[in-house]
Amino acid sequence: MRIDLDAVRVVRDSWSVSATGTFTEGIHLISGDVGSGKTTLARVIAGLSPPTSGAIRREDITHPMISFQFPEHHVTGSTVSEECSSWGLDPTVILKQASLQEKAGLSPLRLSRGELKRLHLACVLSQEYDLLVLDEPFSSLDCKEKARACTTISGRARGITIIFTHEQSQFPRVDMLWEIVDGSLHCRGNLPDALRTWEHAPEIVRALIRRGKEPANLTRQDIREAACRT
Amino acid sequence: MQDIRLRIAAALVLTLSAFFSLAGAALAFLWWIAWSGKVSEIMRMRMILPVAGMLAFFSAVLSLTGGDGVSYFLRMMVIVLVGSWVYAEQKSGEFLHLGVWLLGNRIGFELGMLADMAMQTLHLMVRDFETIRVAQALKGTGTAGKMLVPAGLVLVTGALSRAEHTAELMAVRGYRCGGSLCPRFLTTRGDIFRCMTALCILIITVIPVSEFFILYR
């Protein structure tokens, strides 16, 4: 399973984003500022929008999925319970995972944005995909839910998972780090080496590196372990 | 067309021409081909095909019940194309200028702002519909018919929620009624010529030309 981006470029008026690189099995984190082109690139990688120029090659990817930033775009069920079933999942299990048992009979559109995101992520992350593109998966979530989502994402064993985010506080376990800088995608490499050249690194990671306490990865546990290291 | 006043006027007379007769519809269609300028962009609009399908259905019903379904279909399709051209040409803020120019800084401002906000919502709904369509296809929801109800619910709920938030925000910022705006329009000779051509089409359609020649003899 792999995706090759060969001089891919998307141009809109005077704005553009370009990308070259290969995504193999594992968890890839792509960070970038708001408006840098994360969603555009996510759509292109998922095969939903064609690039203006360049080519994308997908090998052995037959079951892709993209999770859009706004969870309401995925809603098809008229109740929260039906929404779980529409993903082919057992509502009892998903509602327990998302702590939404008491709202099973409500319309998904009556949930708060955070609750709906929680429900949506519980549904998406319960399934296996060859390619899973997550566009801002942590938006609208509180710290506790971000941590829960990170734990679930970290546990993904197969397929290519690509996370597009500008999140700065919580991350899952990451295999490969990328970032969009000045309209172009840069591969920073595997962790922990990639952390040294990561321009969008959170302040705590920068501080730890300055003190010579480089974390092994980006999970809370890794950060805590590095901070406590003597 | 740069000037929204002339664009709306042209669209109005072309719509009337197409509505009155098949000849008027044919002339309006020729006008649309010659002057709309965004034919390819308009034809790419995803809504054209479903609307054409709906019109074809009603035309078939009309034909089966003894009416002239073909004429109805052709005339309505021209009206849809003219409407699509107006939609494709529309720029943000234009209706506000038009409203103030027509009805002043109180009622005109209100109506113009409402029209602009409605257009903005329509643009957002079109964009959201595209995303919903993709999301549902990936989810494997099934046929297009099955996806329409949930997609419609999401779009309407989202539009109402946005409208409520906008209203609250405007109230918080002190908006009560009307405003102050000096309307500006960019009018070119080409725009005037195109508008006059559209008007000629209406005149030709409405005035029975053959009778005019009989009188002349």
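A residue is classed as buried if 20 or more other C-beta atoms lie within 10 Å of its own, as exposed if 12 or fewer do, and as partly exposed in between, the C-beta atoms being placed from the backbone. By this criterion, 25% of the 217 residues of chain B count as buried. The structure is a predicted model, in which local features need pLDDT of at least 70 and side-chain atom pairs count only at pLDDT 80 or more, whereas totals for chains, interfaces and linings use all residues. Residues are numbered from 1 along each chain as its sequence is written, and chains are lettered from A and ligands numbered from 1 in the order in which they are written.

Chain B contains nine helices and zero strands, where helices (H or I, at least four residues) and strands (E, at least two) are DSSP runs numbered from the N terminus. Chain B is divided into domain 1 (4-90 + 187-211) and domain 2 (94-173), with bounds that come from an automatic or database domain assignment. The C-alpha centres of these two domains of chain B lie 25 Å apart. Their contact takes four residues from domain 1 of chain B and five residues from domain 2 of chain B, two residues being in contact if their C-beta atoms, placed from the backbone, lie within 7 Å. On the side of domain 1 of chain B that touches domain 2 of chain B, two residues are nonpolar, one is polar and one is charged. In this classification Ala, Val, Leu, Ile, Met, Phe, Trp, Tyr, Cys and Pro count as nonpolar, Asp, Glu, Lys and Arg as charged, and the others, Gly among them, as polar. Among contacts in chain B between residues at least 6 apart in sequence, 70% join residues at least 24 apart.

Within helix α1 (residues 4-20) of chain B lies A11(B). A11(B) is buried because 21 other C-beta atoms lie within 10 Å. When residues up to four places away in sequence are not counted, A11(B) touches V82(B) and V86(B). The C-alpha atoms of A11(B) and A198(B) are 8.1 Å apart in space, although the two residues are 187 residues apart in sequence.

Strand β6 (residues 131-135) of chain A is mostly covered, with five of its five residues buried. L131(A), V133(A) and D135(A) point one way from β6(A), while L132(A) and L134(A) point the other way. In a regular strand the side chains alternate between the two faces of the sheet.

Strand β5 (residues 64-67) of chain A runs parallel to β6(A) and is joined to β6(A) by four bridges, pairing being assigned if DSSP finds at least two bridges between two strands. P64(A) has L131(A) as its bridge partner in β6(A). β6(A) also pairs in the parallel sense with strand β7 (residues 160-165) of chain A, over five bridges, and V133(A) has I162(A) as its bridge partner in β7(A). From β6(A) the chain crosses through helix α5 (residues 143-154) of chain A to β7(A) in a right-handed β-α-β crossover, that is, with the strands pointing away from the viewer, the path from the first strand over the helix to the second runs clockwise.
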